[in-house]
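Please keep the sequence and the 3D view at hand while reading.

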Amino acid sequence: ITNHCNLACIMCPRLNMKRSTGYMEIDLFKSIIDQIKDYAELVYLTGGLGDPMLHPKYPEMVNYSRKNDVRVGMSTNAAMFTKRHINTLLDIQPDILVLSLDGATKETHESIRVGSKFERTMKMVEEFLIEKDRRNVKKPHVVCQMVYMPENQHEADQFQKKWNSFAAVDDTRLKKFLHL
C-alpha cells in the first residue's frame, strides 16, 4: 500500500528502488478488495518496499478488508510506534501483526535497522504487548520476527527468549534471509 519507509535496513531491496515513493489510493484498495473478497483468505500489508503503518489510511484499509470478510496481515518495523499507533492497532485488530525487529541488542538492531532507535522502539513494542495483554484481546496474532543473517544470528536465542517471555506474543520467527 506504500513504498515509503522510515528506515534504511541493510537487507532491504528498497535501497535500489528507482521508482518514486507514494501511497495506494484508498479507492484502488477498496476496488481490489471488492474484486478478491470472494476468493482471497488474507491480504498482507507487508513491509519490504515500505511500511504499511506509514500509509495515512491503513486503519481504513484494515477495517474495509475485515468488513468484507478478508483477513488482514501486517508487517512493520515498529520504529514509528506511538501510543496512538498502539491504540489504533488494538482497536482495528488486524488478524496478524509481524513486528520486524532484527536484533536483541542496541548495536545489532541499529546496525541492521538503520534509523531505528533501539531503546525507544523496544519500549513502544513492549508497551503494545502489555496493552494487548491488559485488554485481553486475541487479535492481532503477534509475531516477533528477526531476519536471520550473519549480522544477527549470534543473538537468535536471546531474541527468542526475550519476546517469548511476553504473554501477548504468539510466535517468534527467525526468517531466512533471501537476497532480492
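## The contact of α2 with α3

In this predicted model, Tyr58, Pro59, Val62, Asn63 and Arg66 in helix α2 meet His85, Thr88, Leu89 and Ile92 in helix α3.

Two packed helices are described by the angle between their axes and the distance between the axes. Helix α2 covers residues 58-67 and helix α3 covers residues 83-92, and their axes come within 10 Å while crossing at roughly 10 degrees. Angles under 35 degrees count as roughly parallel, and α2 and α3 are therefore roughly parallel to each other.

Side chains of opposite charge can pair when their charged atoms come close. In this model the count comes to 14 salt bridges, and one of them joins the side chains of Glu127 and Lys83, with 2.7 Å from N to O. This pair links distant parts of the chain, since Glu127 belongs to helix α5 (residues 118-135) and Lys83 to helix α3, 44 residues apart. With a relative accessibility of 54%, Lys83 counts as exposed.

Another salt bridge is formed by the side chains of Asp95 and Lys139, at 2.8 Å from N to O. Here Asp95 sits in the loop between α3 and β3 (96-100), whereas Lys139 sits in the loop between α5 and β4 (141-148), and the two residues, 44 residues apart, link distant parts of the chain.

Because Lys162 lies in helix α6 (residues 156-164) and Glu126 in helix α5, the pair ties together parts that are 36 residues apart in sequence. Both partners are partly exposed, Lys162 with a relative accessible area of 26% and Glu126 with a relative accessible area of 25%.

Beyond these individual pairs, there are salt bridges that share partners, and they join Asp91, Glu131, Arg134 and Arg135 into one network.

How values were computed. Residues are numbered from 1 along each chain as its sequence is written. This is a predicted model: local features need pLDDT of at least 70, side-chain atom pairs count only at pLDDT 80 or more; totals for chains, interfaces and linings use all residues. Side-chain values use heavy atoms; hydrogens and water are left out. Axes are lines fitted to C-alpha atoms, for helices over the stretch in contact, and angles run from 0 to 180 degrees between N-to-C directions. Helices (H or I, at least four residues) and strands (E, at least two) are DSSP runs, numbered from the N terminus. Angles under 35 degrees count as roughly parallel, over 145 as roughly antiparallel, 65 to 115 as roughly perpendicular and the rest as oblique. Contact means heavy atoms within 4.5 Å. A salt bridge is a side-chain nitrogen of Lys or Arg within 4 Å of a carboxyl oxygen of Asp or Glu. Buried means under 20% relative accessible area, exposed over 50%, partly exposed in between (1.4 Å probe, protein chains only).
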